[in-house]
Amino acid sequence: MSVYLDHAATTPLRPEVLEAMQPYLTEHFGNPSSIHGTGRRARLGLDEAREMVARALGAKPREIVFTAGGTEADNLAIKGAAWAASARSRELVASSVEHKAITNSVAIMERFGFRPTWLPVDRYGRVDPADVESAIGEHTSLVSVMYANNEVGTIQPTAEIGAICRRHGALFHVDAVQAAGALALDVDALGADLLSLSAHKVYGPKGVGALFVRQGTAVLAQSSGGSQERQRRAGTENVAGIVGFAVALELAQQERVAEGERLAALRDRLITEMTALPAVALTGHPLERLPNNASFVIEGVEGGDLVAALDLEGIAASTGSACTTGSAEPSHVLLAMGIEPEAAHGSLRLTLGRGNTEEDVRLTVEATRRVLERMRGARERRPEVASV
Amino acid sequence: MSRIVAAMSGGVDSSVAAALLARDAASSGDEVIGVWMRLHPDGGEGYEQSRSCCSPDAADDARRVAQIAGIPFFILNLEREFGTRVIDAFADGYLDGATPNPCQACNQYIKFDELLRRGLAAYGADRVATGHYARVEKAGDRYLLRTAADADKDQTYFLWVLDQDQLAHTVFRLGELIKPEVRRIAADLGLPTAQKPESQEICFVPAGDYRALLAERRGYGGEPGPIVDADGKRVGTHSGYAHYTVGQRHGLGVALGEAVYVREVQPKSNTVVVGRREEVAASQFTVDGRRFVAGEPPAERFTAQVRIRHRAPAVAAEVTLVGDERFVVETAAPVWAPAPGQAAVLYHDDICLGGGRIARSQ
């Protein structure tokens with residue numbers, strides 16, 4: 001028995017995606033920048049993929065910059081836009097629950113003299129648009145607020161924030177890595193000037209992503225070299241990966257509403273049954289949350305221990321973010337939501353996906369119940385070791 | 001069927017122990033889980049590569065060994081516990097004028113307490129295995145802690161604190177092997193750790209310099225004070241009492257025509273007392289915080305062999321219990337520099353009886 005409930009970390013490649021990629025790993029191996037027919041054939045795949053991704057966002061193909069993943073897209077958005085606007089303004093605004101790809105990019109810019117303002121969140125992890133309004137100053141170049149949180153699944157009032165940014169003339173970056181496949185991605189409705197995506201969160205390949213850059217928005221390339229991606233991202237394109245990404249995103253957005261309803265029903269059942277277990281509390285917004293995210297804090301257990309224990313029971317789960325595993329620091333997201341550090345250590349994230357069924361929910365709740373009983377029992381048996 | 005948590009440091013010994021247990025499991029039906037303990041934080045961005053057992057390199061090595069052995073691998077975060085129970089205790093030992101014993105503290109509080117307990121709880125395991133050179137033997141309803149077959153590598157000096165309950169849940173897979181065999185097995189299995197050098201230093205004290213650690217953890221910068229001889233005559237100046245340990249010879253800057261050694265460290269008066277070689281030896285000393293592996297002492301007064309530092313020879317001694325916590329050791333011949341804070345470990349031949357912490361002379 002094996003249940004995969006870590007779709008926020010990554011998803012399996014869809015067969016349709018693999019099929020679309022295959023020719024570009026074999027016969028259509030050309031460099032899209034080459035003049036000859038082999039190159040042109042690869043270029044065809046790349047151009048079509050760019051159109052498909054643009055369509056999914058309501059954007060123009062020229063506004064899509066392919067990257068090697070969501071993190072690179074976030075880095076290009078923050079650093080690229082901040083540097084490009086640095087002659088006029090050096091103030092950045094970001095929420096305190098952003099992914100590390102954002103928070104660490106902003107922190108690097110701080111070293112170069114840029115001034116960050118971190119937006120607080122409420123206990124559900126939501127940014128108050130009024131705080132955005134007051135944080136934006138005359139010299140604010142960029143505001144970055146994620147569409148939906150990767151750890152607790154809370155959805156931000158993104159369009160409202162976008163409108164505020166527009167009114168104040170600040171660029172608005174949206175990290176939509178977790179939202180893709182679950183929420184509508186219309187960049188105009190969101191008011192986004194920059195928007196990050198990752199392929200492997202939507203059943204595409206790893207190592208591919210994209211940054212939407214609204215026409216007229218300047219970003220300084222973070223890798224220099226050839227003129228690929230309209231000089232915003234040098235280097236020969238990962239054609240097969242990009243083709244796979246485009247197909248995956250298109251399928252995900254087509255199936256978004258129906259699959260979202262199915263997942264939300266499973267999620268609600270998971271939340272109801274998990275929170276019925278002793279000392280298990282929901283984290284994130286009760287309603288405004290991703291349809292596949294069920295996250296919790298569990299009193300008196302170490303999240304990492306619980307995830308290891310569930311793994312041995314055949315359940316793949318996460319403490320919150322795959323990127324911080326092994327660190328003693330509790331999640332900055334949970335801390336920003338006002339959860340005490342001690343409680344934040346006991347975090348558990350279960351994220352559903354295409355393959356999951358009601359049976360998976362049942363097995364997971366049962367395994368968690370078993371494991372928590374064992375862990376609590378063992379803690380009560382704690383031997384008193386005399387001090388030497 | 002039982003489930004064993006193999007503690008993997010990323011060194012050759014624990015690598016081989018885990019790999020052998022995984023191999024044994026094929027016939028025994030046991031299940032082995034590899035665990036690397038994160039004991040202190042990464043150096044951060046651009047950190048210097050460290051050779052110690054706690055560096056990210058060590059985690060990589062441990063993971064690779066677990067992959068080769070075909071066992072699940074988890075990282076267990078014990079930074080907080082290690083920080084207070086081992087690193088802070090180490091600093092406080094020096095501030096107390098003693099010579100701390102961090103490897104023993106790590107065994108006592110981390111490997112055979114936190115890991116054991118959390119292993120039982122989280123992984124549903126029955127036992128913890130380490131790469132220590134020591135043996136556990138069941139005799140009747142008692143567990144005996146015996147020295148390793150490789151006398152040169154024996155680590156019972158750091159394991160005497162284990163009690164019956166801990167020994168019942170402990171596996172020392174290397175106890176019957178000698179080090180060259182362990183290296184050969186590592187090479188035969190293609191483990192990346194086969195050629196790793198022995199770790200000699202304390203894992204959280206880079207290059208053996210603990211002064212920086214005292215400053216960082218406890219704000220101790222060291223205040224100069226007198227170095228005196230046995231008669232109280234000032235013979236030099238030291239940089240701060242906590243920078244010195246009993247038996248130390250180097251770094252004293254004292255010239256008395258012959259070699260002198262630290263005989264005593266007096267925190268209250270910030271004084272370091274030195275003496276000639278024969279003045280630093282003793283044939284009687286008191287031991288505090290006694291514990292016996294069997295749960296109780298063999299007798300009120302008994303003969304045993306005593307070891308007062310790792311790899312020092314065990315010497316014949318008469319042991320007399322005093323009160324509930326202490327015993328007095330009288331050795332047949334003087335032993336070199338019994339250092340307060342270090343363990344005095346008692347043996348009957350290859351059986352480790354227990355021990356205690358050498359107390360400050362009154």
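The model is predicted.

The helix pair lies in chain A. Helix H1 (residues 15-25) and helix H9 (residues 239-254) of chain A have axes that come within 8 Å and cross at roughly 160 degrees. Because angles over 145 degrees count as roughly antiparallel, H1(A) is roughly antiparallel to H9(A). The crossing in which H1(A) passes H9(A) is right-handed. On the side of H1(A), the contact is made by Glu16(A), Val17(A), Ala20(A), Met21(A), Tyr24(A) and Leu25(A). H9(A) contributes residues including Val239(A), Val243(A), Val247(A) and Leu251(A). Sorted by class, this contact has eleven nonpolar, two polar and one charged residues.

Attention now turns to the nonpolar cores. The largest of them has 92 residues, and Leu348(A) and Tyr123(B) have the most contacts inside it. The element that gives the most to this core is helix H4 (residues 102-123) of chain B, with ten residues. Residues up to four places away in sequence aside, Tyr123(B) touches Ala308(A), Leu312(A) and Arg374(A) of chain A, and its partners in chain B include Val5(B), Ile33(B), Phe74(B) and Leu76(B). A second, separate core has 67 residues, among them Phe66(A), Phe172(A), Ala192(A) and Val247(A). Val247(A) also belongs to the contact of H9(A) with H1(A).

The last stop is a loop residue. Asn101(B) is found between helix H3 (79-95) and H4 of chain B. Asn101(B) counts as buried because its relative accessibility is 11%, and the cut-off for buried is under 20%. Apart from neighbours within four places in sequence, Asn101(B) is in contact with Tyr157(B), Phe158(B), Gly341(B), Gln342(B) and Ala343(B).

Technical notes: Residues numbered from 1 in each chain as written. Chains lettered and ligands numbered in written order. Predicted model: local features only at pLDDT ≥ 70, side-chain atom pairs only at ≥ 80, totals over all residues. Heavy atoms only, no water. Axes fitted to C-alpha atoms, helices over the stretch in contact; angles between N-to-C directions. Helix = DSSP H or I, 4+ residues; strand = E, 2+ residues; numbered from the N terminus. Parallel < 35°, antiparallel > 145°, perpendicular 65-115°, else oblique. Left-handed = near helix turned anticlockwise from the far one by under 90°. Contact = heavy atoms within 4.5 Å. Nonpolar A, V, L, I, M, F, W, Y, C, P; charged D, E, K, R; others polar. Core = buried A, V, L, I, M, F, W, Y, C linked by side-chain atoms within 4.5 Å. Buried < 20%, exposed > 50% of the residue type's maximum accessible area, 1.4 Å probe, protein only.
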